[in-house]
Amino acid sequence: MNHKKIDKVGKVIVNAMMLGLLWAIIALPISSFSLVRLGKSGSGTDVLSEQDVRTIEELNYIKEDETKVMREMYPESETGDVLNVVEISN
Amino acid sequence: MGVKNPKLKKSHKMILSNITLTLLFMILLLYLPMISRTLIRLIDQAIVPAILLLCTRLASVILVSYFIGAKFSFSAKGFIFHDPNNYVKVNSYSTLAMVVILGLGLIYILAKALYFHDTHISPKLTTKLFHHKMTTLIQNSFELYSQGVIWLVYLYLITIVAVILGIFGVIYSWVTIVSGSFCAIATLLLILDIENELDEIDEGYKEEIENES
């Protein structure tokens with residue numbers, strides 16, 4: 001490669017770097033929008049998560065079904081902890 | 001068999017990244033005179049508004065939360081609000097503060113472009129400015145348009161972000177409308193000045209041809 005070609009490639013690289021720098025400077029204040037956030041549910045708020053809502057709905061469904069009987073069980077896990085399980089039977 | 005040290009792998013990566021950075025820096029130094037003059041000018045003009053906007057955002061978030069009595073926690077993630085109403089209020093007013101700061105900056109640049117542009121400033125005004133030692137207000141097209149373009153780009157980007165946030169209901173929609181209006185007015189005024197400038201060039205060219213003939 002001769003010097004002219006090397007110079008051309010170098011010029012393109014440096015100008016691309018400068019363009020990247022310009023974009024980084026311009027994007028800096030725009031990125032400040034992500035500084036202000038809303039706290040997630042459960043972290044000091046009374047808002048229920050999707051999982052919580054689904055569990056409550058399922059429990060209500062089971063409670064409303066008169067053909068089923070609920071009985072609480074307390075089996076032990078492998079580690080010896082007592083688990084609280086609800087057995088549902090017809 | 002021995003276990004590979006993860007720190008050793010990390011240090012290899014660090015050395016490689018250092019070499020890459022040094023190489024890039026050397027290329028930058030070598031080709032510094034070849035960098036586009038316009039790009040350097042734009043980078044130079046972009047630093048001040050970037051810092052100004054960042055400071056405005058931080059200050060406005062703190063001040064608005066203080067005035068409306070909104071509670072927030074500050075962590076590595078930023079300002080975290082727990083009340084959605086306060087979050088929307090703080091977000092809206094801090095965006096508005098950024099738009100107002102950009103608007104003021106653009107009014108200053110557009111005033112310079114429309115009244116103190118070196119191509120079409122009146123002789124009376126030039127004398128007055130010389131008398132009051134305010135000649136720095138008189139600027140050429142390259143300086144004015146590079147400033148105007150950078151500030152306008154910031155305003156456009158903030159408007160785009162405001163539209164997206166407005167769609168998701170994270171800021172009030174009237175903030176988006178104000179931002180968009182500022183954007184339209186500033187663009188219109190800058191285009192008017194560019195048209196003025198082009199007319200001046202055209203007239204100068206015609207005069208030159210007439211003098212030659």
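This is a short tour of a predicted model, chain by chain and contact by contact.

**Stop 1: chain A**

Select chain A. Chain A holds two helices and three strands. Follow the chain along its sequence and the elements come in the pattern α-β-α-β-β. How much of chain A is buried? Buried residues account for 6% of its 90 residues.

**Stop 2: where chain A touches chain B**

Now show both chains. The contact draws 25 residues from chain A and 32 residues from chain B. Look at the chain A side. Helix H1 (3-31) and strand S1 (36-38) of chain A each supply at least two residues there. Which element gives the most? H1(A) does, with 15 residues. Colour this side of chain A by residue class.

**Stop 3**

Select S1(A), S2(B) and S1(B). These three strands form an open sheet, in the order S1(A)-S2(B)-S1(B). The pairing in this sheet is mixed. Which strands stand at the edges? They are S1 of chain A and strand S1 (72-75) of chain B. Each has a single partner strand, so one side of each is left without a neighbour in the sheet. From one strand to the next, the twist averages 30 degrees.

Start with the pairing that crosses between the chains. S1(A) runs parallel to strand S2 (residues 78-81) of chain B, and three bridges join them. Click A:Val36. Its bridge partner in S2(B) is B:Phe79. Then click A:Leu38. Here the bridge partner in S2(B) is B:Phe81.

Move to the other pairing, inside chain B. S1(B) and S2(B) run antiparallel, joined by four bridges. These two strands make a hairpin, with two residues between them. Click B:Phe72 and look across to S2(B). Opposite B:Phe72 stands B:Phe81.

**Stop 4**

H3(B) lies across S1 of chain A together with S2 of chain B. Its direction is about 160 degrees to S1(A).

**Stop 5: H3(B) against H5(B)**

Packed helices are described by the angle between their axes and the distance between the axes. For H3(B) and H5(B), the angle is about 155 degrees and the axes are 10 Å apart. Are the two helices roughly parallel or roughly antiparallel? Angles over 145 degrees count as roughly antiparallel, and H3(B) and H5(B) are therefore roughly antiparallel to each other. Their crossing is left-handed.

Show side chains where the two helices meet. On H3(B), pick out residues including B:Thr95, B:Met98, B:Leu102 and B:Ile109. On H5(B), the residues of this contact include B:Trp151, B:Leu155, B:Ile158 and B:Leu165. By class, the contact of H3(B) with H5(B) divides into 14 nonpolar, five polar and one charged residues.

**Stop 6: H5(B) against H6(B)**

Bring in helix H6 (residues 173-212) of chain B beside helix H5 (residues 141-167) of chain B. The axes of H5(B) and H6(B) come within 9 Å and cross at roughly 155 degrees. H5(B) and H6(B) are therefore roughly antiparallel to each other. This crossing, too, is left-handed.

Show the side chains again. Residues of H5(B) in this contact include B:Leu152, B:Tyr156, B:Thr159 and B:Val163. Among those of H6(B) are B:Thr176, B:Phe182, B:Cys183 and B:Leu190. The contact of H5(B) with H6(B) has 11 nonpolar, nine polar and one charged residues.

**Stop 7: one residue, B:Ser146**

Finish with a single residue. Select B:Ser146, found in helix H5 of chain B. Which residues does B:Ser146 touch, leaving out those up to four places away in sequence? The list is B:Arg41, B:Leu42 and B:Gln45. Draw a line from B:Ser146 to B:Leu42, C-alpha to C-alpha. The two are 104 residues apart in sequence, and 6.0 Å apart in space.

Notes:
Residues numbered from 1 in each chain as written. Chains lettered and ligands numbered in written order. Predicted model: local features only at pLDDT ≥ 70, side-chain atom pairs only at ≥ 80, totals over all residues. Contact = placed C-beta atoms within 7 Å. Pairing = 2+ DSSP bridges. Buried ≥ 20, exposed ≤ 12 C-beta atoms within 10 Å, placed from the backbone. Axes fitted to C-alpha atoms, helices over the stretch in contact; angles between N-to-C directions. Parallel < 35°, antiparallel > 145°, perpendicular 65-115°, else oblique. Left-handed = near helix turned anticlockwise from the far one by under 90°. Nonpolar A, V, L, I, M, F, W, Y, C, P; charged D, E, K, R; others polar.
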